[in-house]
Amino acid sequence: MFRPLLTLTGGLIAALAVTAAQAKPLTQEDLSVAEVLRDRALESSDAYSIVESLTVEVGPRPAGSEGDRRAVAWAQEKMKALGFDRVYTEQIEVPRWNRGHAHARVVAPFPQPLVVTSLGYSVGTPEGGVSAEIVEFADVEALMKAPARKVKGKIAFINKRMERARTGEGYGPAVGGRSKGMRAAAEKGAAALLIRSVGTDSDRFAHTGMMSIDGVENPVPALALSAPDANLLEAMLKRGKPVEVKLDVHNQRLEDGPSFNVIGEITGREKPEEVMIIGAHLDSWDEGTGALDDGAGVAIVMETARLIAELPQRPRRTLRVVLYGAEEIGLVGAKQYVDAHRSELDNIVAVSESDFGAGKIWRFDTRLPESKFAIADQIMQLLAPLGIERGNNKSSGGPDSSVFVAQGVPAFGLYQDGSDYFDYHHTPNDTLDKVDPKILQQNVAAWVVMSFLTVEMEGDLGRVPTEH
Ligand SMILES: [Zn+2]
């Protein structure tokens with residue numbers, strides 16, 4: 001009578017022990033080391049000098065440009081100097097483009113100049129420029145719905161304002177005009193596309209950025225207006241008379257060429273083939289020095305790896321820093337990385353990217369199977385003192401990481417305060433003075449906790465079911 005009961009009790013105890021182990025997958029020792037790393041990051045991490053070096057010694061680095069080539073060399077040298085075990089590059093193919101001039105002015109009824117910039121990969125105007133009447137649309141959807149006769153031969157003007165938000169959530173609803181506007185304008189026979197800049201500032205400069213160009217048969221010039229110039233045009237249109245604008249744009253599309261993902265590793269001591277990828281993108285737009293987008297991210301993930309490399313022993317798994325090429329023009333580096341490493345995706349335990357400027361981290365998002373939430377809770381214990389709250393389980397891990405997430409790779413997202421990010425994003429004003437060294441230390445502190453615990457933990461993070 002007693003034996004089966006004892007066995008049953010023993011089984012229950014074993015089951016309870018397993019549940020307990022699952023509930024607290026990270027050991028006290030792992031957490032203690034992560035805490036030391038966190039506090040060291042807060043006191044002495046120096047991501048700032050890395051982004052300073054990138055912006056001063058390289059500067060603008062559009063995909064496939066001379067600046068990009070120098071950035072790739074810079075990144076390899078810097079990783080070696082920071083003590084990475086292995087540094088290498090993987091070549092990618094990128095479309096290339098050179099910005100020329102972009103001038104715009106109102107010809108009638110109230111002649112005056114306008115401040116514009118070409119959207120990425122825009123064609124130029126014919127020699128001598130193009131003059132046409134403006135036709136205004138509230139957003140890209142309105143342009144897409146408009147009959148062609150309303151648009152043909154005119155300059156389509158998408159006048160959509162972007163809302164400011166800490167999460168940057170105003171970007172999604174506003175960016176369609178930039179990404180899809182030129183295609184819609186070209187299909188309806190417009191002479192050109194003008195958009196209100198996708199940004200939250202009121203400065204007199206325009207925001208560039210990528211648009212969809214593949215398969216557009218007769219592309220037309222596509223330009224962004226600064227916010228004050230969009231206001232000006234809006235006010236003229238309200239007066240009810242036709243507004244005519246002249247554009248003179250020169251850009252140059254070049255042949256496809258090489259760029260590179262730059263990769264550096266801290267090699268795992270027990271399971272070197274199992275990898276956490278932390279990333280940022282190395283390319284930038286051409287008009288600023290890419291300090292916020294994404295020099296800060298590059299610096300944060302490199303400094304995170306450096307701190308882990310300074311520990312007396314290597315972590316259990318490999319920490320791989322991937323600096324993606326050609327993110328700005330369509331996640332080119334990330335897509336080619338995933339294609340080239342498809343058979344190894346099961347060994348990528350998690351992925352995360354820093355690509356939202358240099359603001360304070362305030363939220364910790366995840367994308368984990370439910371059975372692994374306890375790990376996130378334990379990581380949270382060390383993040384909370386940094387002023388970070390627990391977010392949702394829908395993280396994309398960042399733009400480049402989202403390509404991995406689509407394949408079921410678990411992801412973490414350390415969400416920065418992006419309240420002013422879109423004041424500077426893709427403008428000449430994306431420069432180093434916007435980066436605060438102290439805030440970067442808070443970022444690195446959070447990154448080093450998350451990264452170290454992921455590469456050191458006993459168990460793994462499983463796979464996340466993908467949506468179909
Ligand atoms: Zn970016």
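## The largest pocket

The largest pocket in this predicted model has a volume of about 720 Å³. A pocket here is an open set of points on a 1 Å grid over the protein atoms alone, where a 1.4 Å probe fits and protein lies on both sides within 12 Å along at least five of seven lines. Points are joined across faces, edges and corners, and the volume is the space filled by probe spheres set on them.

Lining residues have an atom within 4 Å of a point. The largest pocket is lined by 33 residues, and Tyr-171, Asp-355, Phe-356, Gly-398 and Pro-399 are the closest to its centre. By type, its lining has 11 nonpolar, 14 polar and 8 charged residues. Nonpolar means Ala, Val, Leu, Ile, Met, Phe, Trp, Tyr, Cys and Pro; charged means Asp, Glu, Lys and Arg; the others, Gly among them, are polar.

Domain 1 (28-94 + 256-456) and domain 2 (103-250) each give at least three residues to this lining; the bounds come from an automatic or database domain assignment.

## The second largest pocket

The second largest pocket holds about 220 Å³ of space. It has 14 lining residues, and those closest to its centre are Glu-29, Val-33, Gln-313, Phe-452 and Glu-456. The lining consists of 5 nonpolar, 2 polar and 7 charged residues.

At least two lining residues come from each of α2 (28-44) and α14 (437-456). Helices are DSSP runs (H or I, at least four residues), numbered from the N terminus.

## Basis of the values

Residues are numbered from 1 along each chain as its sequence is written, and side-chain values use heavy atoms, with hydrogens and water left out. In this predicted model, local features need pLDDT of at least 70 and side-chain atom pairs count only at pLDDT 80 or more, while totals for chains, interfaces and linings use all residues.
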